Amino acid sequence: MRVDHDGRAYVIDGRRTVIYGGTLQFFRVPRRHWRERLERMGEHGLNTVDTYVAWNWHEPEPGAFDFTGDTTPERDLVGFLELAQELGMNVIIRPGPYICGEWRNGGIPDWLINEHPEILARGPNGPLPRDIYYPPITYLHPTYLEAVSMWYDAVLPIIKDYLYTNGGPIISVSIDDEPSYWETIFQPFLTDYNEVVTRPGGLWEEFLRKGYSLDELGERYGSDFADYSEIKPPKDETEPLTKILDWHHFKIWMTNRYVEHLYNHMKRYVDVPISILDPYLLQLAWRHFYRYVKEKNLDIHLWTEFWYSFYRSFDFKEDRLGHVYYKIGIYNFYRKRLGTPPLSIETQSSLAHTIEPDEAELLYSLLPALGIPNVNYYLYVGGENPKGYESHNGVTWDVYSPIGLDGSERQHVEPIEWLGEFLKGNPRFLDTELETTVAFGAYEPYEALTIFGLRKGLTESVNLNEYLLGERGLFTLLAMSNVPFDVLDLEEASVEEMLGYGQLWVYSLDFLAREVQDKLVEFVSRGGNLVILPMLPYLDENIRPYSALADFLGVEVERAEARDNPRLIQFTSVEGGGIDRMLVRNTVREVKGGEPFVFHYGRPVGTLVRKGKGSAIVLGFRLQYYTSYHDLHRRFVDRLLEMQNVERPFEVTDRDMILLPRGNYLAVLNPRGHRVAGKIRYRGIEIPRLMDEIELNGRGALFLPFGVPAGGVKILYSTATYLGRTGNTLRFRNQLSGRSEVALQGVSEVQPAGARVVDESLEGGILTLVLEHGKEFELGL
């Protein structure tokens with residue numbers, strides 16, 4: 001009995017398994033409904049159930065544990081695990097100690113906080129209000145760690161008995177939940193000024209001693225220090241920017257130490273994969289997690305999540321694409337280095353007023369298309385909160401879950417069902433890679449400044465939510481320009497990795513680490529193609545003068561101040577290279593040097609530089625996603641690709657048809673929702689051949705096969721999703737059009753079901769059919 005993995009999927013007793021699951025929190029669903037809800041999840045194609053185990057629910061008083069439902073039926077953890085096993089469901093279990101979950105204190109018992117208020121994190125001016133949700137606790141406070149150890153020693157023996165390796169259903173155990181300093185890491189001065197942190201010889205001082213010499217700190221903070229005890233934690237924005245960043249990284253370091261403590265305790269009981277969800281609730285900061293677990297040899301599987309609303313409309317349309325591309329890109333950058341399978345443990349399927357099936361389909365399909373085939377939907381089964389354990393939500397814990405508290409099914413079950421059928425029926429899909437020729441190079445300190453909104457003397461705006469990540473951001477422009485891209489951490493990636501792409505985009509603020517600037521110089525000199533905007537860095541990581549990249553390129557970018565007040569930010573336009581008056585926002589900077597090709601009222605603001613074996617495009621403005629009849633911004637991206645001889649791995653005649661190539665599969669998306677239609681060329685084949693065009697009449701996605709074996713038959717291509725083969729029957733789905741074209745090799749006739757043939761051709765041993773059908777159809781061989 002063994003749970004292993006091959007870096008892409010989990011391998012359970014030698015069986016390669018795509019994890020396709022949903023969250024059912026047994027303590028919020030009436031005990032009498034557990035069986036029926038689990039059976040329904042199985043009918044929907046799910047093979048895994050995920051659940052938290054809430055500390056304060058199972059230990060309501062110190063030392064009084066209930067894991068068998070003696071006090072309340074919904075405390076019967078043992079009964080739930082046995083039922084899941086009886087029904088053939090894998091279990092992912094998350095015993096905290098913190099579970100978030102919109103649950104009282106995130107699972108931390110009130111009695112612990114009341115008896116030991118010293119464990120609470122403090123603000124710079126004293127205690128935080130006690131009535132806030134998820135009151136933050138100092139992770140490394142020894143009293144808290146002792147209490148956590150006692151909780152683990154109570155719950156982990158129960159979990160151990162039901163591990164898959166012991167004949168039970170549990171295939172993974174998760175550490176804590178989104179460890180992010182109790183969601184306070186986004187505000188630099190909110191926490192943690194607890195005495196164990198700030199005292200002489202405390203945790204802050206330990207962090208500084210391990211990271212820097214006193215001379216290095218003197219240069220970094222602009223002061224002379226005789227002893228580490230002189231360096232106090234920053235309390236406001238008057239402190240040096242470098243010190244504020246170090247304070248942020250200190251909390252990440254504490255989080256890592258805490259995770260290590262939990263992992264080591266868990267390993268005493270657990271021999272199935274140990275996992276963690278989104279450490280720090282950040283993305284680029286994962287580099288610190290990666291480096292720490294590699295240094296400490298901690299075998300922790302990095303999982304992620306996708307949320308795009310919270311108690312409001314689901315609203316997943318085209319302007320969300322960029323963020324999904326970016327998050328999956330940086331997630332896979334680090335996840336691949338760790339060597340563990342990709343999994344989204346919280347894929348939003350609830351906590352929205354309404355979840356429209358077409359928008360759900362768009363999000364859910366993007367995950368496997370971009371590289372995350374293992375998917376868990378949160379919260380799959382609605383419930384309600386026991387009195388006294390509610391947090392954000394009063395009594396209810398059913399906010400449009402696929403299966404409601406009353407057992408009703410919501411409309412977004414449909415895309416969940418068919419996507420699971422596709423993943424199960426196409427095992428070769430797991431081994432495909434996203435084919436990209438473009439990468440975005442990210443720099444972690446910018447993430448911190450963005451979430452803090454802390455500009456502190458920089459000429460460029462730190463509002464990267466607007467200019468990169470947001471609805472109008474650069475990432476959405478690239479995605480909607482049919483430019484699939486990977487993401488590289490500029491501090492971690494090697495020059496060789498960078499050179500593996502035809503084009504590398506970098507968004508630069510005033511400062512960029514010396515090592516990174518030097519890498520970019522080497523990248524270009526060795527033949528790389530760089531696109532950098534909206535300025536060139538002139539400072540290093542210590543905010544000291546350093547301009548190696550600008551000096552190498554021989555380009556000078558005007559140091560004009562960007563604006564932050566939305567009402568004062570200007571709208572203007574640039575032109576050149578066949579682009580007439582393309583809209584841009586905020587300050588436009590003059591760019592001197594190279595071969596200018598973009599102009600702002602006669603001034604050069606974009607240039608091409610050829611250096612060494614490579615080239616660089618330097619833009620003095622922000623490039624964002626604005627749609628219009630003239631479609632200037634996507635045309636401008638095309639122009640940048642052409643200038644550096646970068647080609648997409650496909651062609652499509654309707655650019656609103658977004659493509660994601662993965663070997664023998666091509667994901668075809670309609671993010672905008674209006675009718676799109678056109679022809680596609682991929683892997684040397686132009687399709688369709690008999691029909692005039694591929695038509696997508698609404699928002700959604702298809703996974704088209706190209707040369708996919710199906711028993712003794714090969715599907716050369718199809719304009720419908722291939723769901724898989726059952727016996728001698730090939731199953732297809734096309735919910736976006738009532739007409740599809742299928743080309744088969746190795747068969748001369750088929751028996752359609754749920755469809756009628758309206759055109760066909762048999763040439764060179766290839767049977768090509770045009771079929772009219774409902775959402776799904778079959779071809780009998």
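The model is predicted.

Salt bridges are taken up at the outset. The structure holds 60 of them. Side chains of opposite charge can pair when their charged atoms come close.

Arg 672 sits in the loop between strand E29 (665-670) and strand E30 (676-678), and Glu 318 in the loop between strand E11 (300-306) and helix H11 (321-338), so the bridge ties together parts that are 354 residues apart in sequence. The two partners fall into separate burial classes under the 20% cut-off. Arg 672 has a relative accessibility of 25% and counts as partly exposed. Glu 318, at 16%, counts as buried. Both residues also belong to a network of salt bridges. The network links Glu 318, Asp 631, Arg 634, Asp 638, Arg 648, Arg 655, Asp 656 and Arg 672.

Asp 358 and Arg 699 form another bridge through their side chains, with an N to O distance of 3.0 Å. Asp 358 is in helix H12 (residues 357-370) and Arg 699 is in the loop between strand E33 (694-696) and strand E34 (700-705), so this pair ties together parts that are 341 residues apart in sequence. Asp 358 counts as partly exposed at 26% relative accessibility. Arg 699 counts as buried at 12%.

The side chains of Asp 564 and Arg 455 also meet in a salt bridge, at 2.8 Å from N to O. This pair links distant parts of the chain, 109 residues apart. Asp 564 occupies the loop between strand E20 (556-557) and strand E21 (571-576). Arg 455 occupies the loop between helix H14 (444-452) and helix H15 (464-469). Asp 564 is partly exposed, with a relative accessible area of 42%. Arg 455 has a relative accessibility of 12%, which is under the 20% cut-off, so Arg 455 counts as buried.

Asp 215, Glu 216, Glu 219 and Asp 224 gather on the surface in a patch of negative charge. Glu 216 belongs to helix H8 (residues 214-221). The relative accessible area of Glu 216 is 41%, and the residue is partly exposed.

Helix H13 covers residues 413-425 and has 13 residues. From its first C-alpha to its last, H13 reaches 18 Å. That is close to the 18 Å expected at 1.5 Å a residue. The buried residues of H13 are Val 413, Pro 415, Ile 416, Trp 418, Leu 419, Gly 420, Phe 422 and Leu 423. Asn 426 lies in the loop between H13 and strand E16 (438-442). Its relative accessibility is 2%, so Asn 426 counts as buried. Asn 426 and Tyr 722 are 296 residues apart in sequence. In space, their C-alpha atoms are 8.1 Å apart.

Most residues other than glycine have a negative phi, and most peptide bonds are trans. Two cis bonds and two positive phi angles are described below.

The peptide bond from Tyr 378 to Leu 379 is cis, with omega near 0°. Leu 379 is in the loop between strand E13 (374-378) and strand E14 (383-384). The bond from Ile 687 to Pro 688 is also cis, and its omega is near -5°. Pro 688 is in the loop between strand E32 (685-687) and E33.

Tyr 134 is not a glycine, yet its phi is positive, at about 50°. Tyr 134 lies in the loop between strand E8 (126-127) and helix H5 (142-161). With a relative accessible area of 1%, Tyr 134 is buried. Leu 351 is likewise not a glycine and has a positive phi of about 60°. Leu 351 lies in the loop between strand E12 (343-348) and H12. H12 is also the helix that holds Asp 358. Leu 351 is buried, with a relative accessible area of 3%.

Definitions and conventions
Residues numbered from 1 in each chain as written. Predicted model: local features only at pLDDT ≥ 70, side-chain atom pairs only at ≥ 80, totals over all residues. Heavy atoms only, no water. Helix = DSSP H or I, 4+ residues; strand = E, 2+ residues; numbered from the N terminus. Expected span 1.5 Å × (residues − 1). Buried < 20%, exposed > 50% of the residue type's maximum accessible area, 1.4 Å probe, protein only. Patch = residues over 30% accessible without salt bridge, like charges linked within 9 Å, V, L, I, M, F, W, Y side chains within 5 Å. Areas by Shrake-Rupley, 256 points an atom, 1.4 Å probe, with all protein chains shown as cover. Salt bridge = Lys/Arg side-chain N within 4 Å of Asp/Glu carboxyl O. Lys, Arg positive; Asp, Glu negative; His and termini not counted. Charge placed at Lys NZ, Arg CZ, Asp CG, Glu CD.
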